[in-house]
Amino acid sequence: MSTPSFVLRFRFVGILTVVAVYVLILVGGIVRSTGSGMGCPDWPKCFGTWIPPTQVGQLPPNYKEVYTAQRVEKNKKLAAKLERMGFHQVAGDIFAHPTQYIETDFNPVKTWIEYVNRLVGALIGVFVFLTVVFALPYWKRDRVVFWLALASFLLTGIQGWLGSLVVSTNLLPVMVTIHMGLALVIVAMLIYAVERSQREYRTVERVRALPGLVGWLWVSALLTFVQIVLGTQVREEVDMVAFAANYLNRTEWVEQLGSIFKIHRTFSAVLLLLNVYIAYRLYLLPSKPLHRLATAVLACIGLEIVAGVTLAYFALPAIVQPVHLTVATLLFGSQFLALIAYRRATKLQQQASTPAVVA
């Protein structure tokens, strides 16, 4: 059976969108590692314009006071809303953050790094909208695909709003963590939408279900999600240490990190053992696609270990930080794909093994 054109279009746009999200995660990591998060002190514009300046002379002499005042005023409104909603701790943290009233000096390189990050984010908004448009034919065929595409689009809008809060709160840790967690949710939804849209037109090797493997696959993906969130908190702690040290003596930063770093480091060993065990069980199955996914997971784990060791023992080189984050999200995506593929293959095997009921 030939694949209809609307299925191919949705697959193309869906994969393009997932790739773009990963590119945004990489660019976001570069923003953090270069300290460019406040390269644009306002949002959605950058220094009040859609095209950011290239020289400090293009800004008013008191630009730091102006943008600090704007951000503080916006945060007062945000804190008041959070208080009314019952999030007292988060509301208090906004103004307890030590950099709340500090405005970063203008740096054209950092400004344009952050500006490119925003452009990529806007492009993803367009791509996700197109996934909704190309998901319309699934309204009558498989509404789950359509709802996943629509939910991804709505969450992308929320993600953009959270991005504005990340800027206005001057990279408040809780905002950065939520921002990262939501990005992973969007990735998972898009991956599942694309995979589900192809089911009717793709041949899948049937495999027998191994006892408990679905559960282990779920645990692995969820623990990786938690590990990435812990990693963002470690990164936030690094920022605090760097700020306190006036960004000097980089070799001493790791020693000053607290318990979250130790938990994150120990947790990586748990994930290694768990994923090796899962990969071993997947290799026992007669399915090349599952073998490839198991290999992808192990490759990501290996790269993560190398990046993590490099960060811990070589003074947190900035070039490795975005790689570490991006590979972690690729690991999560590979695990989620393995879970979907395995469930699909075992479900087909169960259906084939069920005797037909004769009326």
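**Reading the surface, the helices and the burial**

Tutor: Begin with the surface: Leu123, Val126, Phe129, Leu130, Val133 and Leu136 form a nonpolar patch of about 490 Å². Keep in mind that this is a predicted model.

Student: Where is Phe129 found?

Tutor: Phe129 belongs to helix H4, residues 108-134. In an α-helix there are 3.6 residues a turn, so residues three or four places apart point the same way.

Student: Is Phe129 buried, exposed or partly exposed?

Tutor: Buried means under 20% relative accessible area and exposed means over 50%. Phe129 has 43%, so Phe129 is partly exposed.

Student: And which residues does Leu148 contact, apart from its neighbours within four places in sequence?

Tutor: Leu148 lies in helix H6, residues 143-168. Its relative accessibility is 14%, so Leu148 counts as buried. Beyond its sequence neighbours, Leu148 is in contact with Met189, Tyr192 and Ala193. Leu148 and Val132 are 16 residues apart in sequence, with 8.7 Å between their C-alpha atoms.

Student: What does Gln227 touch, not counting residues up to four places away in sequence?

Tutor: Gln227 touches His264, Phe267, Ser268 and Leu271. Gln227 sits in helix H8, residues 213-244, and is buried because its relative accessible area is 9%.

Technical notes
Residues numbered from 1 in each chain as written. Predicted model: local features only at pLDDT ≥ 70, side-chain atom pairs only at ≥ 80, totals over all residues. Heavy atoms only, no water. Helix = DSSP H or I, 4+ residues; strand = E, 2+ residues; numbered from the N terminus. Buried < 20%, exposed > 50% of the residue type's maximum accessible area, 1.4 Å probe, protein only. Contact = heavy atoms within 4.5 Å. Patch = residues over 30% accessible without salt bridge, like charges linked within 9 Å, V, L, I, M, F, W, Y side chains within 5 Å. Areas by Shrake-Rupley, 256 points an atom, 1.4 Å probe, with all protein chains shown as cover. Salt bridge = Lys/Arg side-chain N within 4 Å of Asp/Glu carboxyl O.
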